[in-house]
Amino acid sequence: MNAISFIPLLLALTLSPLLLGVINRTKAFFAGRHGQPLLQTYFDLWKLLQKGAVYSRTTTWLFRAGPMIGLAAALTATLLMPLGKCPASLAFPADFLLFAGLLGLMRFFTVVAALDTGSSFEGMGASREVFFSALTEPALFVALATLVRETGQLSLSTMFGQVSNAHWLHSGPALGLVVLALMIVLLAENSRIPVDDPNTHLELTMIHEVMVLDHGGPDLAFIFYSAALKLWLLSALVVGIVLPGTGDPRLNLLLAVGAVFGVAVIVGVIESVMARLRLMIVPQLLVGAGALAATAFLLALKLN
Amino acid sequence: MQGTNIILVLVVLTNLKLLGSSRVGSSIRVVAAQGVVLGLLPILAHAHEISWRYAGLAVGTVALKGIVFPWFLFRAVREAEVAREIEPFVGYVASLLAGVSILAVSFWMCTRLPMPEAIASAWLAPVAIFSIFAGLFLIVSRKRAVSQVLGFLVLENGVYTFGVGVAPQASLLVEAGVLLDVFVAVFVMGITIFHINREFDHIDTDRLSSLKD
């Protein structure tokens, strides 16, 4: 482990709230508005951290632990995620399993904290979140399995280091399907538009937002920050597959950061041109993502 | 090689889309797109020997599958006034999962199938078999006559894919004959849909099995 390997971590920690700003500015551009400042998420986080926390008497330690464990899980997952060709701080065989597991842990504690409030409203959001994530997880795992099969590497860092133009020429269709499936997983996991609307406060359609209604102050800041990190992590996952490598490591890093923000712009465009899907249709989309990933896996099996 | 693979993946994706969608109009459009894409297959699969035969086959396929059939089916749908398939025997999510399983089975089957050497792509035979089974699945799992006709077209597309990729030696006469057969079949089915509709005010084939005097 050397100093270079901490660069992806530092970039993720400092730049991830900016992703939300980029998405909002893209949406504002499409709507013809000026939009909020790019750094708005940083201001919000700072404001929330200044506040004190209020806890309901019906909640237990689980409610207080939820945001902290969520943030800890997100930070640990950030250690594992490389940025383009730049390897992650921690890399070992099968680390992608830990990565997916940490995302699962983060979600589990958000859900448990929501259930701990005893509000039926938050229970509804928790139920939806668990249902949808049960459908996205197979897609994520099969997509990662396809990458393992294509590159023959078991660690995220070596996997992304290995993906090259030759892979795209050799098995472009399979990789394309993987990227498509992961994009849908990204939108669903970060509660973006075709699945959930981050701006809405209409009871019947909220998923993620409804679970964190009772959190306030620093807890809410933790939740916002972990959500931003999660968006960064999944964007980096997509970017790692798509981005071709160049010889110069510094140029690679610059390209990767640009590409992560490119993903944010794409998310903003999708949110601007698409309507939110009906709640009944969402499982169909997520199973579709799983079907795409499975198709990619079968294609990769046959070709090698 | 790469062009053929992209076409085959598009065929798989259009089949999955058909299995998972309820709107009749968009399904017809998807089948039309599949026909156009498959029309390009003979040219791309045998790129080293461009001939009038393949060009003629491509033009005929695109014209028939991409333009004539969709136009005909759209007309039948407009006269029968159906916008979407209702309550299929197998739900859409279940159909999608069944489609993926069929794909896996097709890939497994083709590992056991002895293949001639000169095959355009390793994915060709599995995708062709997948199309055939997906078409069959559409026919047995949907209630509307229009959806069943679409299943039949997908099935035929599978046979066509296999023929173009595996046996380029087959004569133009055979290929033209198959196209003509399909044309007649779709024609007859279109007329049948029209007649069922005029007689019963619906084209739900499931309800045709109950007799009345």
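Predicted model: local features only at pLDDT ≥ 70, side-chain atom pairs only at ≥ 80, totals over all residues.
Contact here means heavy atoms within 4.5 Å. Local features need pLDDT of at least 70 and side-chain atom pairs count only at pLDDT 80 or more, while totals for chains, interfaces and linings use all residues. Residues are numbered from 1 along each chain as its sequence is written, chains are lettered from A in the order in which they are written, and side-chain values use heavy atoms, with hydrogens and water left out.

**Chain A: H7 against H10**
- Met183(A), Leu186(A) and Leu187(A) in H7(A) touch Val263(A), Ile266(A), Val267(A) and Ile270(A) in H10(A).
- Helices are DSSP runs of H or I with at least four residues, strands are E runs of at least two, and both are numbered from the N terminus.
- H7(A) covers residues 165–189 and H10(A) residues 249–273; their axes come within 12 Å and cross at roughly 70°.

**Chain A: Thr146**
- Thr146(A) sits in helix H5 of chain A, residues 120–151.
- Thr146(A) counts as buried because its relative accessibility is 1% (the cut-off is under 20% relative accessible area, with a 1.4 Å probe and protein chains only).
- Beyond its neighbours within four places in sequence, Thr146(A) contacts Val178(A), Ala293(A), Ala296(A), Phe297(A) and Ala300(A).

**Chain B overall**
- Chain B has seven helices and zero strands.
- Of its 213 residues, 49% count as buried.
- Among contacts in chain B with a separation of 6 or more, 79% come from residues 24 or more positions apart.

**Chain B: H1 against H4**
- H1(B), residues 2–20, and H4(B), residues 92–111, pack at about 150° with axes 7 Å apart.
- That makes H1(B) roughly antiparallel to H4(B) (over 145 degrees).
- Val12(B), Leu16(B), Leu19(B) and Gly20(B) are the H1(B) side of the contact, and the H4(B) side includes Tyr92(B) and Leu103(B).

**Where the chains meet**
- The contact takes 21 residues from chain B and 17 from chain A.
- About 1600 Å² is buried between them, 80% of it from carbon and sulfur atoms (accessible area lost on being put together, 1.4 Å probe, summed over both).
- Gln2(B), Phe107(B) and Trp123(B) supply 32% of the area that chain B buries against chain A, more than any other three residues.

Notes
Axes fitted to C-alpha atoms, helices over the stretch in contact; angles between N-to-C directions. Parallel < 35°, antiparallel > 145°, perpendicular 65-115°, else oblique. Buried < 20%, exposed > 50% of the residue type's maximum accessible area, 1.4 Å probe, protein only. Buried area = accessible area lost by both parts, 1.4 Å probe.
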